[in-house]
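Below is a short report on one protein chain. Have the sequence and the 3D view open as you read.

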Amino acid sequence: FAIQTTVTMRQDEASGIIEAQLAGAVSRTRWALQRLLIPAVGSAVLLLLSGVAIGLGYASAGGGTDLIGELVVAALTYWPAVLLLTGLAVFLFGWLPHFTVGGSWAVLAAMWILVVSGDALHLPSVVLDAVPFTATPHQPVEPMVWTPVLLLGLVAVGLIWAGVSRFARRDIQTD
């Protein structure tokens, strides 16, 4: 969801629609940040709902409702990892706009391949831990460790800032 809604910024640029949107009194930075509210807030809501759904599934299987809150928090700990993917798409949009769509999806595909087959391929733990989703603490099984969550969030903010600030200074590139 986050990648798909973020790359629409590039699709709007490539189709030429962005020129009409930026012709008014809105700055490029404001336009981009407003567009990024959708993947940021939407992914948080989706993670929250998935935590509730997992908690309700656990409760309906006879586990009780006492873990619903913990499972919601566990789902929300993945939000910085999702924002990092959003940040990567924004970074590509700002710096390499023609590679935004393909590059964003290729990185997600590579991450999932590493997550799914990394152990079977006997990849070093350093490589596997570099994937945002494996770097996130596996709540509620493991104790909460805030360092990777905060680092993922900081990297995400840095990528978003770098992409938006570059977009504000570069020419519009239509296909």
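This is a predicted model: local features need pLDDT of at least 70, side-chain atom pairs count only at pLDDT 80 or more; totals for chains, interfaces and linings use all residues.

Start with Q34. At 40% relative accessibility, Q34 counts as partly exposed, because the value falls between the 20% and 50% cut-offs. Q34 lies in helix 3.

**The whole chain**

The chain has 9 helices and 0 strands. Its pattern along the sequence is α-α-α-α-α-α-α-α-α. The C-alpha atoms fill a box of roughly 55 × 35 × 25 Å, taken along the principal axes. Of the 175 residues, 39% are buried. Among contacts with a separation of 6 or more, 72% come from residues 24 or more positions apart.

**Helix 3 against helix 4**

Two packed helices are described by the angle between their axes and the distance between the axes. Helix 3 covers residues 28-63 and helix 4 covers residues 68-76. Their axes come within 8 Å and cross at roughly 145°. The crossing is right-handed.

Which residues of helix 4 meet helix 3? They are I68, L71, V72, A75 and L76. On the helix 3 side, the residues include A44, L47, L48, V52, I54 and Y58. S50, G51 and G55 of helix 3 also take part. By class, this contact has 12 nonpolar, 3 polar and no charged residues.

**Rings and charges**

The structure holds 5 aromatic pairs. In one of them, the ring centres of W112 and F133 are 5.5 Å apart and the planes lie at 15°, so the pair is stacked. This pair links distant parts of the chain: W112 is in helix 6 and F133 is in helix 8 (residues 132-135), 21 residues apart. W112 counts as partly exposed, at 43% relative accessibility. F133 counts as buried, at 15%.

Elsewhere, ring pairs link W31, F93 and F167 into a cluster. Two arginines place their charged ends over rings of these residues: R28 over F167 and R170 over F93. The table gives the distances.

| Charged end | Ring | Distance from ring centre |
|---|---|---|
| R28 | F167 | 5.3 Å |
| R170 | F93 | 5.1 Å |

**A buried serine**

Is S104 buried or exposed? At 2% relative accessibility, S104 counts as buried, because buried means under 20%. S104 is in helix 6, which covers residues 100-117. Leaving out residues up to four places away in sequence, S104 touches I3, V7, A89, L92 and F99.

**Two backbone points**

Where is the cis peptide bond? It joins Q139 and P140, with omega about -10°. P140 lies in the loop between helix 8 and helix 9 (146-169).

H122 has a positive phi of about 55°, although it is not a glycine. H122 is in the loop between helix 6 and helix 7 (125-129). Its relative accessibility is 70%, so H122 counts as exposed.

**Recap**

Helix 6 holds both the buried S104 and the partly exposed W112. Helix 3 carries Q34 and meets helix 4 through a contact with no charged residues.

Methods. Residues are numbered from 1 along each chain as its sequence is written. Side-chain values use heavy atoms; hydrogens and water are left out. Helices (H or I, at least four residues) and strands (E, at least two) are DSSP runs, numbered from the N terminus. Buried means under 20% relative accessible area, exposed over 50%, partly exposed in between (1.4 Å probe, protein chains only). Contact means heavy atoms within 4.5 Å. Rings of Phe, Tyr and Trp (its six-membered ring) pair if their centres lie within 6.5 Å; planes under 30 degrees apart count as stacked, over 60 as edge-to-face and the rest as tilted. A charge sits over a ring if NZ of Lys or CZ of Arg is within 6 Å of the ring centre and within 35 degrees of the ring normal. Axes are lines fitted to C-alpha atoms, for helices over the stretch in contact, and angles run from 0 to 180 degrees between N-to-C directions. A crossing is left-handed if the near helix is turned anticlockwise from the far one by less than a right angle, and right-handed if clockwise. Ala, Val, Leu, Ile, Met, Phe, Trp, Tyr, Cys and Pro count as nonpolar, Asp, Glu, Lys and Arg as charged, and the others, Gly among them, as polar.
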